Amino acid sequence: MRIPFRAVIIMLCVVLAAPGALAASPIGEMQALGAFAIDRTEVTVGQFRHFTKATGTKTFAEKKGSGLVYGAGWEQKSGWGWRTPYGKPASDNEPAVHINYDEAHAYCRWAGKRLPTDAEWTQAAYQESRNDPSPPFVKGQTYPYPTGTSPIGANCLNDCGPTPALDHSKVLDQGLGHAPAGTTKPGVNGLYDMGANVWEWIDTGAADSANKGTRGGSWWYGASQMRRDSEASKPRDMSVVYVGFRCAKDLP
Ligand SMILES: [Ca+2]
């Protein structure tokens with residue numbers, strides 16, 4: 001079948017106008033939740049690679065040549081960054097980490113999105129809003145964990161049952177490391193890894209605030225960090241092996 005030249009130009013313009021479309025999530029893009037939608041998975045290495053190529057971005061951790069992990073206090077690990085989270089190249093479906101707040105913010109803006117607010121993130125994580133949720137979830141119900149009534153199925157430290165985590169324990173003082181995005185059990189609102197895997201930057205405080213919020217805990221922590229009352233914040237310029245992000249956007 002021949003495609004008219006004009007149609008090709010129109011299709012090309014649509015793609016170029018929506019850069020986020022070039023970086024589709026591995027299991028479909030976003031979940032609508034009323035007035036906003038949120039990414040179903042943490043932003044991946046493959047998605048972040050599209051962003052760096054399109055914008056020429058070099059992250060703070062890349063410029064410094066190292067990223068942080070907590071061992072005997074904070075430790076700088078040479079050669080750790082979003083391409084090489086534990087010192088070796090990551091697959092495209094792994095969560096992008098060693099990304100600081102402003103870099104996460106810039107990615108979401110490039111993708112036509114933004115970082116979620118704390119209210120949006122917590123609604124998405126703990127309150128089932130789908131009209132026809134998959135069992136055992138019930139519309140309107142609020143859950144103690146993003147995985148539901150129990151933390152089982154998340155990639156956390158010790159409390160969450162079997163995990164699809166990639167085993168990087170040889171280079172860590174604690175824990176196994178992250179799992180590829182979207183490979184743990186889907187939770188409230190069909191979202192993956194809102195509890196644990198990697199902490200997620202959220203848009204909190206004043207625009208110029210030195211510290212920004214993170215939510216959900218990570219593979220380095222037990223299930224208590226996955227709960228709603230577990231609020232945390234970090235310096236906005238911090239690039240850490242267990243901190244990543246996902247994006248949200250307004251719906252018309
Ligand atoms: Ca997470």
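Which residues of helix α5 (residues 118-126) are buried? I put this question to a predicted model. I found Glu120, Trp121, Ala124, Ala125 and Tyr126 to be the buried residues of α5.

**Entry on helix α4.** I turned to helix α4, which covers residues 101-110. Here I noted Tyr101, Glu103, Ala104, His105, Tyr107 and Cys108 as buried. The buried residues of α4 pack against the helices α2 (45-55) and α3 (60-64), and also against the strands β5 (199-201) and β6. Just after α4, I recorded a positive phi of about 80° at Gly112.

**Entry on Gln174.** I located Gln174 in the loop between α5 and β5. Is Gln174 buried or exposed? Gln174 counts as exposed because it has 12 C-beta neighbours inside 10 Å, and a residue with 12 or fewer is classed in that way. I also looked up Tyr70, which is 104 residues away from Gln174 along the chain. The C-alpha atoms of Gln174 and Tyr70 are separated by 8.6 Å.

**Entry on the whole chain.** Finally, I counted five helices and nine strands in the protein chain. From the N terminus on, I read their order as α-β-β-α-α-β-β-α-α-β-β-β-β-β. The protein chain has 252 residues, of which 46% count as buried. Among contacts between residues at least 6 apart in sequence, 63% join residues at least 24 apart.

How values were computed: Residues numbered from 1 in each chain as written. Predicted model: local features only at pLDDT ≥ 70, side-chain atom pairs only at ≥ 80, totals over all residues. Buried ≥ 20, exposed ≤ 12 C-beta atoms within 10 Å, placed from the backbone. Helix = DSSP H or I, 4+ residues; strand = E, 2+ residues; numbered from the N terminus. Contact = placed C-beta atoms within 7 Å.
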